[in-house]
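Take a look at the structure below. We will walk through its ligand site and then its sheet.

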Amino acid sequence: MLGGSSEASALARLLARRADIAAILSFAGRTKDLIVPPIPFRVGGFGGAEGLAAYLRHEAMDVLVDATHPFAETISANAAKAAASAGVPLLVLTRPPWMREASDRWIDVATMEAAVAALGSAPRRVFLTIGRSQLEAFAAAPQHFYLIRSVDPVDPALCLPYRRLVLARGPFDADAEEALMRAEKIDCVVSKNSGGAASYGKLEAARRLGLPVIMVGRPQAPHGAALYAPEDVVARIEAHGQVLGKPLALRGV
Ligand code: NAP
């Protein structure tokens with residue numbers, strides 16, 4: 001199972017209770033304080049799609065589950081290629097995108113660069129809730145104040161003169177998000193359309209405060225039929241095991 005998402009953690013919890021499915025969870029290794037899962041795990045890249053395909057073959061995996069974050073574009077593309085090349089079925093566990101409500105003031109954009117442009121030229125107080133990997137794009141608009149929230153520390157060389165970093169890991173509830181936005185006098189939120197409950201609070205808080213949300217759309221459609229419940233993944237693994245004639249002791253990465 002390729003992880004790094006709350007869905008992967010939920011699936012790992014289900015699989016931990018199954019002595020008949022031997023699974024290993026793979027992390028990229030980006031987060032310093034990894035939350036140790038209740039099943040065996042490994043950390044680090046495979047060396048592209050070819051490396052992942054070689055790993056699947058070498059470990060004689062029966063199923064590959066892509067349970068990465070919806071914005072983890074490269075690894076999902078690699079998973080699709082590797083599964084096809086190794087002849088291993090691919091299951092995609094993800095979450096539906098957030099949908100706007102009537103009173104939401106979302107500005108939909110396709111890229112982080114477009115999100116920067118959508119902030120405009122006049123200085124604003126911006127809540128950046130996009131993680132760490134695409135912060136450089138905002139160096140093009142240094143006139144704004146940025147409240148940056150991230151699980152891990154941010155590169156100190158980041159060229160944003162007006163910024164404050166909050167280190168925190170979700171879930172974040174709407175009341176706390178509203179209090180934070182009020183305290184920091186935020187007038188705009190930038191978010192990726194990650195979906196899921198853990199970080200929905202900021203959208204509810206922005207709605208209550210009447211704030212605009214610049215919403216970056218997902219980079220790609222899932223590679224394969226998307227499953228939204230970990231239980232459905234387990235059912236598909238079981239069904240595949242029956243096709244193979246080995247309902248027990250399946251291995252998956
Ligand atoms: P990415 O750009 O799609 O992948 C970059 C490279 O990182 C991949 O080519 C692969 O290296 C390695 N990699 C990524 N996920 C891996 C995994 N689960 N196991 C082993 N190697 C992995 O990925 P990203 O957007 O930087 O995300 C990295 C991790 O953070 C993912 O696990 C993702 O689920 C999680 N995450 C991402 C976001 C986000 O917004 N992008 C948010 C929350 C969590 P090789 O080519 O060497 O195999």
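Predicted model: local features only at pLDDT ≥ 70, side-chain atom pairs only at ≥ 80, totals over all residues.

Residues are numbered from 1 along each chain as its sequence is written, and side-chain values use heavy atoms, with hydrogens and water left out.

The ligand is surrounded by 22 residues (a heavy atom within 4 Å). The closest are Gly3, Ser26, Arg30, Phe46 and Lys192. Helix H3 (73–86) and strand S2 (25–27) each supply at least two residues of this shell (helices are DSSP runs of H or I, at least four residues; strands are runs of E, at least two). H3 gives the most, with 4 residues.

The side chain of Lys192 places an N or O atom 2.6 Å from one. A backbone N or O atom of Gly3 lies 2.7 Å from a ligand oxygen; for Ile75 the backbone distance is 2.9 Å.

Now the sheet. It is open, with 6 parallel strands in the order S6-S11-S10-S7-S8-S9 (strands pair if DSSP finds at least two bridges between them). Strand S6 (105–109) and strand S9 (163–167) stand at the edges with a single partner strand each, so one side of each has no neighbour in the sheet.

Further in, S7 (residues 125–129) and S10 (residues 188–192) pair in the parallel sense over 4 bridges. Phe127 stands opposite Val189 in S10.

Conventions:
Polar contact = N/O pair within 3.5 Å; in protein donor to acceptor, adjacent residues only side chain to side chain.
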